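Dear colleague,

Please find below the structure that I am handing over to you.

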Amino acid sequence: MPAYHSNNNSVENVRVINGIPLLPLLTKTRGPAPYADPSMTTDAVDEALELFRPNSFFKNFEIKGHGDRLLIYIILYISQSLNKLKATTSPGEAAKTLYSLAVGQVTIPADASFPLHSMYPGVVDKAESDMLRQYLLQVRQEVATRLVGLVYRDETGQPAQQPSKWWLCFQKRHFMGKVMH
């Protein structure tokens with residue numbers, strides 16, 4: 001069974017840096033992401049949150065376009081975020097922890113410390129590198145905000161004070177066996 005790929009692989013007229021498309025985000029966080037069309041109901045962050053759990057079971061992933069590269073980055077970041085949470089963490093503590101992680105050091109795929117560094121093209125100059133860092137910072141902040149809302153829900157979809165065991169069970173699973181530090 002093949003892995004699930006991004007719906008954003010065929011998106012055109014989008015700036016691409018280091019193989020990552022700078023796609024519009026449904027966010028209020030300031031950053032370089034293009035403004036989302038009002039008719040958009042989902043974005044790359046929603047897609048990654050939806051595909052995180054099924055894709056976590058795959059050890060191989062064929063990149064079919066630039067959207068897949070952004071999907072890989074976000075999935076690795078979600079995995080890193082889940083590893084920061086504990087079963088006893090409250091929603092408020094989780095929000096603070098994940099925000100701190102989001103605004104911490106942003107590793108871009110061009111950095112040698114990125115786990116799948118070889119699967120991404122290089123960055124042309126420092127200006128592009130800085131632009132990508134700002135975009136990924138905005139993506140990380142949005143993931144942190146939305147992830148707390150998903151993890152802290154009970155089976156009926158109501159807000160909960162304890163994280164969902166169905167999300168925390170993915171702390172030990174790593175997409176393609178890789179972990180972002």
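In this predicted model, Ile78 is in contact with Ala48, Leu49, Phe52, Val143 and Leu147, when its neighbours within four places in sequence are left aside. Ile78 also belongs to the largest nonpolar core, which holds 51 residues. Together with Leu82, Tyr135 and Leu136, Ile78 touches the most other members of that core.

Which helices supply at least two residues each of this core? They are helix 1 (44-55), helix 2 (66-82), helix 3 (91-103), helix 4 (126-151) and helix 5 (165-168). Helix 2 provides the largest share, with 10 residues.

I then turned to the open spaces. A probe the size of a water molecule, rolled over the atoms, shows where space has been left empty.

The largest pocket has a volume of about 200 Å³. Among the residues that line this pocket are Asn7, Asn8, Val11, Leu23, Pro24 and Met40, as well as Thr42, Asp43 and Glu50. By class, its lining consists of five nonpolar, three polar and four charged residues.

How much space lies in the second largest pocket? The volume there is about 170 Å³. Its lining includes Arg53, Leu150, Arg153, Asp154 and Glu155, and also Pro163, Trp166 and Trp167. In the lining of the second largest pocket, five residues are nonpolar, two are polar and four are charged.

Yours sincerely,
A colleague

Notes
Residues are numbered from 1 along each chain as its sequence is written. This is a predicted model: local features need pLDDT of at least 70, side-chain atom pairs count only at pLDDT 80 or more; totals for chains, interfaces and linings use all residues. Side-chain values use heavy atoms; hydrogens and water are left out. On a 1 Å grid over the protein atoms alone, a cavity is a set of points where a 1.4 Å probe fits but cannot get out, and a pocket is an open set with protein on both sides within 12 Å along at least five of seven lines; lining residues have an atom within 4 Å of a point. Grid points are joined across faces, edges and corners, and a volume is the space filled by probe spheres set on the points. Ala, Val, Leu, Ile, Met, Phe, Trp, Tyr, Cys and Pro count as nonpolar, Asp, Glu, Lys and Arg as charged, and the others, Gly among them, as polar. A nonpolar core is a set of buried Ala, Val, Leu, Ile, Met, Phe, Trp, Tyr and Cys residues joined through side-chain atoms within 4.5 Å. Buried means under 20% relative accessible area, exposed over 50%, partly exposed in between (1.4 Å probe, protein chains only). Helices (H or I, at least four residues) and strands (E, at least two) are DSSP runs, numbered from the N terminus. Contact means heavy atoms within 4.5 Å.
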